[in-house]
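Please keep the sequence and the structure in view while reading.

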Amino acid sequence: MTLIMKLATVALAATLALPPATAANAHTAAAGDAAPTGEITDLGVPLQDVLLIGGAVAPGPGGKTVLWSASSGAPAKLNAVDPVTGAAVARFELPGAGGSWAVDATPDGSVYVGSYGDGRLYRWTEKGGVQDLGRPIASQDFIWSVAPGEGATVYGGTSPGGRLFAYDPATGVRDYGRLSPSHSYIRSVSAAGGKIYAGTEDPAALFEVDAATGDVTSIPLPPGLDPAGKWAYDVNATGGHLYVRFGGASPGPLHVWDIAARAWVDFLESAHGLDVSSPDEQGRIYLVKSGELVRYDPRARTVTGTGVPITGRVANTRGIGWAELGLPDYPGKTVVGLLWRGLMFRYNPQTGAKSFVQTGVEGEPIDVTALSEGPDGRMYAGGFLNGGFAAIDPKTGQREEFHTFSQSEAMTGHDGKLYIGAYPEARVYSYDPALLWNSTEYSPSPEPGPAANPARLFDFSADKQIRPRALVSAGRYLAVGTMPDLGHLGGVLALWDPKAGALASAKRNVVTDQSIVSLAYRDGVVYGGTSIHGGQSATQPTQREAKLFAWSVREGRLLWETVPAPGKPAISGLTFDDRGRLWGIAGGTVFAVSTAARKVVATVTLSASASASGKLVFDQRDRMLYGAHAGTSVFRLDPRSRRHTVLREGPVHQLAVHRSGEVYFAEGPRLLRYEPQMR
């Protein structure tokens with residue numbers, strides 16, 4: 001049921017900072033603003049789905065083999081799935097965790113989970129349930145991979161310090177330290193025969209660590225492999241071989257290292273992650289290759305298909321192994337595994353029987369990361385990590401559609417379509433609400449034959465970009481601003497021509513070593529707000545403060561740049577008011593710029609925050625500015641008087657205005673609507 005809350009907010013005084021010397025005509029603030037009247041409606045959770053990343057096949061409650069996996073949420077959950085029925089036989093909260101790439105089981109029956117965002121380690125046992133072991137290494141906030149050792153010992157790899165650790169319940173944590181001074185991620189970890197194997201981010205490197213002594217040996221990369229632009233993304237030691245997939249989240253080459261011979265002996269093209277199975281009695285393993293579950297024989301170096309299709313953009317296994325099902329068509333051991341949306345696959349080598357079963361893993365609310373009105377007048381929301389795509393009826397506030405989709409970074413309407421910026425690879429899609437939904441990568445239409453909708457238009461992976469953080473309608477063009485991938489700085493400013501179906505231009509480093517995170521357009525000029533940070537936090541910035549720039553669409557050149565909010569790392573929102581002034585938000589500072597004079601003409605200080613989070617929109621109906629301030633509140637600001645009022649305090653990062661004058665904003669996974677009373 002929606003919650004209607006009548007606003008009776010107390011007006012807060014707007015503290016105005018003196019503008020820089022270039023803004024001599026800035027106005028002085030009045031003491032306060034009359035409390036606005038209107039309603040805030042809680043519209044509930046528009047995005048909810050299953051997201052499984054890390055997983056393993058191992059004994060569960062009662063000793064029966066289950067598929068373990070962590071589902072992202074608030075908090076994340078550790079799920080145990082019955083491979084016979086697909087039912088969830090157990091579900092444990094992981095307090096403080098948002099999700100996990102790292103799930104594995106040790107020989108003693110423990111299941112370990114390493115979390116992202118806070119870098120915590122959890123241990124499940126039959127006797128004790130889930131135990132929060134805290135941060136193994138206090139400085140590390142992401143555990144990327146865990147791998148079993150002897151007994152109850154587990155090994156893990158972290159970022160942002162590129163550290164390797166061991167945890168033994170009897171002796172505690174052992175920090176092996178940073179394996180490489182030039183790497184910030186230990187992305188993948190596996191262990192066998194007293195050795196720990198660890199892979200890094202771009203440029204890919206591979207290490208062997210003696211578990212007892214801590215001695216580190218660099219493993220040479222496969223002959224002819226260029227590590228630039230590649231990660232040692234998956235490392236799996238099993239059956240006397242090390243299987244290393246180089247690349248990223250998309251399929252890539254899997255190289256085979258003979259541990260005893262210390263030599264690379266084979267490779268497979270287009271292998272998917274994240275894991276391979278343990279060997280069968282003949283030493284053969286199972287993995288996903290070119291969209292199919294296949295069997296690989298490392299002795300004969302042959303690949304045999306199973307006829308089990310694993311399709312879609314995300315076709316990585318979330319745990320794969322062996323289980324005895326006791327079903328007529330599945331005698332003996334059967335290969336079982338999970339996919340990212342909770343679908344289980346099964347294949348029996350004896351009979352060739354295969355099946356897919358939707359498991360009982362529950363979906364979790366998804367944080368909203370993008371909001372926009374569409375060309376059809378509906379509001380659209382996209383989500384974090386799990387992704388998802390929802391359409392909301394602005395009259396009723398009810399969700400009318402939900403589809404599985406990628407993580408969205410930005411959305412905007414342009415020329416009759418909704419454009420979506422997606423993570424990773426800085427992909428851009430166009431969606432036509434008048435046509436049938438058909439995401440061939442994530443959620444295909446059940447009806448055969450329709451064209452892709454959303455249609456993937458282009459990406460900037462070749463430019464080492466990862467997040468299309470800013471989109472704006474720019475006359476004939478769609479303007480796009482991006483953030484770069486790990487190890488890189490400098491975003492791309494691009495113009496897409498829908499009529500030509502091609503990029504009209506794409507320029508990197510418009511502002512040196514700065515990402516483009518906000519855009520506005522007026523009279524043939526694109527205005528951009530930058531961030532000193534790249535798209536991954538481990539990359540250290542080279543610049544001190546964010547800039548505002550102007551780019552001529554016709555001339556294809558930079559007209560000017562300035563620093564409107566000294567000392568702030570990001571200008572996260574830009575918008576024009578009805579008098580042609582350009583407004584922006586940078587941390588706790590809101591500023592107005594005369595684009596003709598090319599200088600700041602007003603500065604409003606909301607707080608001293610240097611947060612990179614913030615949004616700013618102009619409502620044409622009541623001629624007010626609305627903003628999300630540093631992830632702490634929603635405010636209204638009168639562009640004439642510069643007075644502002646906090647409408648609601650809360651963890652707000654996303655905000656958009658509808659043509660009706662209603663303002664939509666998100667508090668994590670919840671969508672809310674503010675209906676101002678028009679004067």
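## Report on the chain

Of the 679 residues in the chain, 59% are buried, where buried means under 20% relative accessible area with a 1.4 Å probe, protein chains only. This is a predicted model, in which local features need pLDDT of at least 70 and side-chain atom pairs count only at pLDDT 80 or more, while totals for chains, interfaces and linings use all residues. Residues are numbered from 1 along each chain as its sequence is written, and side-chain values use heavy atoms, with hydrogens and water left out.

The chain holds 58 strands and zero helices. Strands are DSSP runs of E with at least two residues, helices are runs of H or I with at least four residues, and both are numbered from the N terminus. The radius of gyration is 26 Å, close to the 26 Å given by the globule rule for 679 residues, so the chain is as compact as a globular protein of that length. That radius is taken over C-alpha atoms, and the rule is 2.2 Å times the number of residues to the power 0.38. Along its principal axes, the C-alpha trace spans about 80 × 55 × 50 Å.

Contact means heavy atoms within 4.5 Å. Among contacts in the chain with a separation of 6 or more, 48% join residues 24 or more positions apart.

A nonpolar core is a set of buried Ala, Val, Leu, Ile, Met, Phe, Trp, Tyr and Cys residues joined through side-chain atoms within 4.5 Å. The largest one has 26 residues, and Y380, F389, F405, M411, I420 and Y431 have the most contacts inside it. Elements giving two or more residues to this core include β12 (142-148), β20 (231-238) and β37 (417-423). The largest share, three residues, comes from β37. Not counting residues up to four places away in sequence, Y380 touches several residues, among them F389, M411, L418 and Y431.

V663 is found in strand β57 (residues 663-667), whereas S406 lies in the loop between β35 (399-403) and β36 (407-414).

| Residue | Relative accessible area |
|---|---|
| V663 | 1%, buried |
| S406 | 3%, buried |

Leaving aside neighbours within four places in sequence, V663 is in contact with residues including D619, Y626 and L672. With the same exclusion, S406 touches G383, G387, G388, A422, Y423, R427 and Y442. The C-alpha atoms of S406 and A422, 16 residues apart along the chain, are separated by 6.2 Å.

How values were computed:
Buried means under 20% relative accessible area, exposed over 50%, partly exposed in between (1.4 Å probe, protein chains only).
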